[in-house]
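Okay, thanks for coming, everyone. Let me put the structure up and then walk you through a few spots in it.

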Amino acid sequence: METQVTEIAPDIYRLSTYISDADFMFNQFLVDAEEPLLFHCGLRALFPLVSEAVARVTPVENLRWITFGHVEADECGSLNSWLQAAPRAQVAHGTMGCLVSVNDMADRQPRPLEDEEVLDLGGKRVRRLETPHMPHGWDAGLLYEETTGTLLCGDLFTRIGDAPPLTESDLVGPALAAEDVFRSTCLTADTAPTMRRLAGLRPATMGLMHGPSYTGDCGRALTDLAAAYEDRFLASCDGHRGK
């Protein structure tokens, strides 16, 4: 097992570990700037592999920011390992998530981020986008790197199996197939509107946590997945009304 490093946009690197026993991949993203940022910490067991992958791009001790979409083992299980390895690093997470979880979990005080708040990394700018319960977790949020138009979209478009680092192929079909297996997305009245808000950014690239990074029509992919989830939500409402 190894962690592969791929530059998916200028100075934005995908760190990908495929676990064959689970037929599933786990991706982290490194934004290499004056103040380097890591999006997703990864599972504790993967820290040696992922930290070695980071070191291929920049010394681990140079990390300044550590962020993730929501509190879950594969997003932040190795959080304190990173804080120990990078003495200057600070966790940045949504205000709600800091209040209910990260203030207690992290070995150093985190930096709470409001919706639409921007961290200027020096050469890169990342904006926190609050997406409560989308795809899951009340503290859920994503990052948008403004200079390259890269949306780091966490568990959106999760798929099963291995995949190439970059693709322009369909994301929606594999995502719906995975949803049929995992049922991991919170389908609410806000799910589709939140995804359409993301589509309005017109990202040039999307970095998936469990799948390939995407360089096709990102706005269309987000809109199509929003429509599919909206159909499923409305069908579930009709089903409950019919009981």
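Predicted model: local features only at pLDDT ≥ 70, side-chain atom pairs only at ≥ 80, totals over all residues.

Residues are numbered from 1 along each chain as its sequence is written, and side-chain values use heavy atoms, with hydrogens and water left out.

Helices here are DSSP runs of H or I with at least four residues, and strands are E runs of at least two, numbered from the N terminus.

Now look at Ser78, in the loop between α2 (73-76) and α3 (79-85). Is Ser78 buried or exposed? Buried, at a relative accessible area of 0%. For the cut-offs, buried is under 20%, exposed is over 50%, and partly exposed is in between, with a 1.4 Å probe and protein chains only. A polar atom of the Ser78 side chain sits 3.0 Å from the backbone oxygen of Gly42. Leaving aside neighbours within four places in sequence, Ser78 touches Cys41, Gly42, Leu43, Arg44 and Phe47, contact being heavy atoms within 4.5 Å.

On to charges. The structure has 13 salt bridges, meaning a side-chain nitrogen of Lys or Arg within 4 Å of a carboxyl oxygen of Asp or Glu. One of them pairs Glu130 with Arg128, closest N and O atoms 2.5 Å apart. Glu130 is buried at 16%, and Arg128 is buried at 2%. Then there's Arg111 with Glu117, at 2.9 Å, N to O; Arg111 is partly exposed at 27%, and so is Glu117 at 22%. There's also a network of salt bridges linking Asp115, Glu116, Asp120, Arg125, Arg127, Glu146 and Arg197.

Last stop, the surface. Met96, Leu99, Val100 and Trp138 make a nonpolar patch of about 410 Å². Patch residues have over 30% relative accessible area and no salt bridge, with nonpolar side chains joined within 5 Å and like charges within 9 Å. Met96 lies in helix α4, residues 95-105, and is partly exposed at 37%.

Notes:
Areas by Shrake-Rupley, 256 points an atom, 1.4 Å probe, with all protein chains shown as cover. Polar contact = N/O pair within 3.5 Å; in protein donor to acceptor, adjacent residues only side chain to side chain.
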